[in-house]
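Let's walk through this structure together, from its sheet to its charged pairs. Have the coordinates open as you read.

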Amino acid sequence: MSDKPVTLAAVTGAHGVAGEVRLKLFGEGVDALKPLRSFNGGTLTLLKIRGDNKGGAIARFAEVTDRTSAEQLRGTALSVSREVLPDLAEDEFYFSDLVGLSVVTGRGDTVGRVCAVENFGATDIVEIERPDGTTFMVPLTKQAVPTWDSETLTVNADFVD
């Protein structure tokens with residue numbers, strides 16, 4: 001759908017004193033990251049990774065050798081080129097494919113743009129930013145979001161508040 005990098009995790013902070021970092025995972029879990037070695041265009045090289053038993057992970061990168069360096073990575077998104085990832089099934093997508101899309105109603109009225117995609121446990125949720133900067137959320141269900149393509153996400157007008 002796009003050639004932009006796919007973000008799979010983000011550094012949330014340092015872990016210990018030897019340069020390990022805590023990760024918030026956005027994909028299918030720690031096992032999805034294990035086969036990958038290079039992130040952010042080769043600037044970070046993964047040496048090892050393990051689950052933290054809380055839904056996140058602990059990772060060590062070759063370029064990070066102490067706690068100070070690890071703390072400096074806080075907030076860093078870990079992205080990879082789409083070409084190193086496995087092919088997606090027909091009904092699968094990456095959240096990053098939706099972020100930035102223009103949002104319109106089924107009648108063609110402009111609503112705004114997708115600024116985030118979240119999942120709090122029940123279903124995926126699309127956060128939409130209006131031109132005035134306010135945001136609202138819509139469940140990513142066929143009823144609320146009947147279609148999208150590489151440029152536009154269509155929202156049922158009943159879900160636009």
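Is Glu71 buried, partly exposed or exposed? This is a predicted model, and in it Glu71 has a relative accessibility of 36%, so Glu71 counts as partly exposed. Its salt-bridge partner is Arg67, with the closest N and O atoms 2.9 Å apart. Arg67 is partly exposed as well, at a relative accessible area of 33%. Both residues belong to helix H2 (residues 67-72), where they sit four residues apart, about one turn of the helix.

Now turn to the sheet. Six strands make up an open sheet, and reading across it gives the order S3-S4-S5-S2-S1-S6, with antiparallel pairing. Strand S3 (38-39) and strand S6 (77-80) are the edge strands, each pairing on one side only. For S3, the neighbour is strand S4 (residues 44-51): two bridges join this antiparallel pair, and Ser38 stands opposite Thr45 in S4.

Side chains of opposite charge can pair when their charged atoms come close. Across the whole structure, seven salt bridges turn up. One of them joins Arg60 and Glu20, at 3.8 Å from N to O. Arg60 lies in strand S5 (residues 57-61) and Glu20 in strand S2 (residues 20-25), so this pair ties together parts that are 40 residues apart in sequence. Glu20 counts as buried because its relative accessibility is 10%, and buried means under 20%.

One more pair is worth a look: Asp97 and Arg82 form a salt bridge whose closest N and O atoms are 2.5 Å apart. Asp97 is in helix H3 (residues 95-98) and Arg82 in the loop between S6 and H3, 15 residues apart, and the pair links these distant parts of the chain. Both Asp97 and Arg82 are buried.

Methods:
Residues numbered from 1 in each chain as written. Predicted model: local features only at pLDDT ≥ 70, side-chain atom pairs only at ≥ 80, totals over all residues. Heavy atoms only, no water. Pairing = 2+ DSSP bridges. Salt bridge = Lys/Arg side-chain N within 4 Å of Asp/Glu carboxyl O. Buried < 20%, exposed > 50% of the residue type's maximum accessible area, 1.4 Å probe, protein only.
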